[in-house]
2 protein chains.
Amino acid sequence: MEAVSGVRAILFDTFGSVVDWRTSLISELSLWGKERGVSADWTGLVDDWREAYAPSLDRVRRGELPWTILDDLHRMSLETLLARYGVLDLSEADKVWINDGWRRLNPWPDAIPGLTRLKQRYIIAPLSNGNFSLLLAMAKAKHIPWDTILGGDLFRHYKPDPETYLGAATLLGFPPDQIMMAASHNYDLRAARSLGFRTAFWPRPTEYGPRQKRDLSPEEPWDVVATDIEDLATQMGC
Amino acid sequence: MEAVSGVRAILFDTFGSVVDWRTSLISELSLWGKERGVSADWTGLVDDWREAYAPSLDRVRRGELPWTILDDLHRMSLETLLARYGVLDLSEADKVWINDGWRRLNPWPDAIPGLTRLKQRYIIAPLSNGNFSLLLAMAKAKHIPWDTILGGDLFRHYKPDPETYLGAATLLGFPPDQIMMAASHNYDLRAARSLGFRTAFWPRPTEYGPRQKRDLSPEEPWDVVATDIEDLATQMGC
């Protein structure tokens, strides 16, 4: 692998790339609704919740909101959506539990086996817009074998702001060309590559549901294009 | 364990508490000197290197030096000591290798078994004055099973500055009384307790060598007093 020789650390986008947020949240909320006798269009609510993600990050990135961790941005969106979907009169404990669903997302089937192999040879960590405590809770709940956690709150910036990628490189003590950004989202890799990082892509064609139109394939010749994280491990010599 | 109910995360002092810096560095340098035909009082050099530690941190803590990571403070001290001990004409690669000895320190025999047990039930992480990349390299080299890394450079402060303990609590998202600071140094626990953290102590009576005088016993009634990290795991219900 000429293209990726010298890589010391692999940083993973997390939501969508490593964990399946959509199926996890829809199934958890549907079950909860059934047990609690609360009916609603949970699929619509979850899709809208994720749709609110980028605009809420952008409000922070543009300075319209002061630094706010993702847990709190999720909670702000959730309040609006519960009202819109007619899910009323929830207790604070219920809302906390629903919001913490982002801490209980299930890894895609290839994620843990692939990461476990990659960990033998590389430093592996999330580089996610999730906050440190969210990512750590998820790792503990789902046994994701990260060597360490890198969340947006370490840098008080959200991807694709360069401060996130470059802040990670500073902490790791490696130049960007010894670090690989690994993701199922082209925009993330584009930002990392522009700063000198190596890149790896695999598609998650159902991340956004059956009618997904974005990120179905690599939009640039990334250093590695894989079918999933197990294939990435194979291609990285693990 | 009434005193420690509700603990979610245990943060470990690392140098001395988890790893045996003195024996590791002396034996590594002695072997290196023998192979390279460089003779010197390696024990004296290592003891002086560690003696330079607190004063160099204090220069940063008092603002006499701008923020400087521990790797670089170690290197500054090393330059002085190599001259004082008559170890001359080393290449840059040699100096980097010697300085990186802090990344290859051996855990005390109870550390990995104890941490592995504690990890089943608690979040475990170093909260060390070592920099992030140093602690991560050590964890990879010695298979220390941290859930994540917390180094001084995340906070740009050194213990016992309150910014380190409180910065860790903010990232973890827990109030201090749900976090235990665990160390073989009373000063560290004193600082943490004053901010509301739980505390655990075990002695390392040979950390500083055969004539050690400090930290031979707990100087306050810490929440847990253990014989080592395996005993800590037992006392914490693991």
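Visitor: What makes β1(A) and strand β4 of chain A a pair?

Guide: In this predicted model, β1(A) and strand β4 (residues 179-183) of chain A run parallel and are joined by four bridges.

Visitor: Which other strand pairs with β1(A), and in what sense?

Guide: Strand β2 (residues 123-128) of chain A pairs with β1(A) in the parallel sense, over four bridges. One of the positions concerned is A:A9, whose bridge partner in β2(A) is A:I123.

Visitor: How do you know that β4(A) is largely enclosed by the rest of the structure?

Guide: A residue is counted as buried if 20 or more other C-beta atoms lie within 10 Å of its own. Five of the five residues of β4(A) are buried, and therefore the strand is described as largely enclosed by the rest of the structure. The burial applies to both faces of β4(A), with A:I179, A:M181 and A:A183 on one side and A:M180 and A:A182 on the other.

Visitor: What makes both faces of strand β1 of chain A count as covered?

Guide: In strand β1 (residues 9-12) of chain A, A:A9 and A:L11 on one side are buried, and so are A:I10 and A:F12 on the other. In a regular strand the side chains alternate between the two faces of the sheet.

Visitor: Why are β3 and β6 of chain A said to stand at the edges?

Guide: The open sheet of chain A consists of six strands in the order β3-β2-β1-β4-β5-β6, with parallel pairing. Both β3 (150-151) and β6 (224-225) of chain A have a single partner strand, so one side of each is left without a neighbour in the sheet. Further in, β4(A) is joined by four bridges to strand β5 (residues 198-201) of chain A, which runs parallel to it, and A:M180 stands opposite A:R198 in β5(A).

Visitor: Where does helix α10 of chain A lie?

Guide: Helix α10 (residues 186-194) of chain A lies across β4 and β5 of chain A, and runs at about 165° to β4(A).

Visitor: What is the strand order in chain B, and what packs on the sheet there?

Guide: In chain B, six strands form an open sheet in the order β3-β2-β1-β4-β5-β6, and the pairing is parallel. Helix α9 (residues 162-172) of chain B packs on the sheet, touching β1 (9-12), β2 (123-128), β3 and β4 of chain B, and its direction makes about 135° with that of β4(B). Helix α10 (residues 186-194) of chain B lies across β4 and β5 of chain B, at about 165° to β4(B). Those two strands, β4 (residues 179-183) and β5 (residues 198-201) of chain B, run parallel and are joined by four bridges, with B:M181 opposite B:T199.

Visitor: Which residues have the most contacts inside the largest nonpolar core?

Guide: The largest nonpolar core has 130 residues, and those with the most contacts inside it are A:I10, A:L11, A:M181, B:I10, B:L11 and B:M181. Beyond its neighbours within four places in sequence, B:I10 is in contact with B:L118, B:Y122, B:I124, B:M180 and B:A182.

Visitor: How many residues of chain A are in contact with chain B, and what is the make-up of that side?

Guide: Contact requires C-beta atoms within 7 Å, and 14 residues of chain A are in contact with 14 residues of chain B. The elements giving two or more residues to the chain A side are α7 (132-142), α8 (152-155) and α9 (162-172) of chain A, and the largest share, five residues, comes from α7(A). By class, this side of chain A has eight nonpolar, three polar and three charged residues.

Visitor: What are the domains of chain A, and which element gives the most to the domain 1 side of their contact?

Guide: The domain assignment of chain A gives domain 1 (2-20 + 107-235) and domain 2 (21-103), with 24 Å between their centres, taken over C-alpha atoms. In chain A, 19 residues of domain 1 are in contact with 14 residues of domain 2. On the side of domain 1 that touches domain 2, α7(A) gives the most, with four residues, and the classes are eight nonpolar, six polar and five charged residues.

Technical notes: Residues numbered from 1 in each chain as written. Chains lettered and ligands numbered in written order. Predicted model: local features only at pLDDT ≥ 70, side-chain atom pairs only at ≥ 80, totals over all residues. Contact = placed C-beta atoms within 7 Å. Nonpolar A, V, L, I, M, F, W, Y, C, P; charged D, E, K, R; others polar. Domains from an automatic or database assignment. Pairing = 2+ DSSP bridges. Axes fitted to C-alpha atoms, helices over the stretch in contact; angles between N-to-C directions. Core = buried A, V, L, I, M, F, W, Y, C linked by C-beta atoms within 7 Å. Buried ≥ 20, exposed ≤ 12 C-beta atoms within 10 Å, placed from the backbone.
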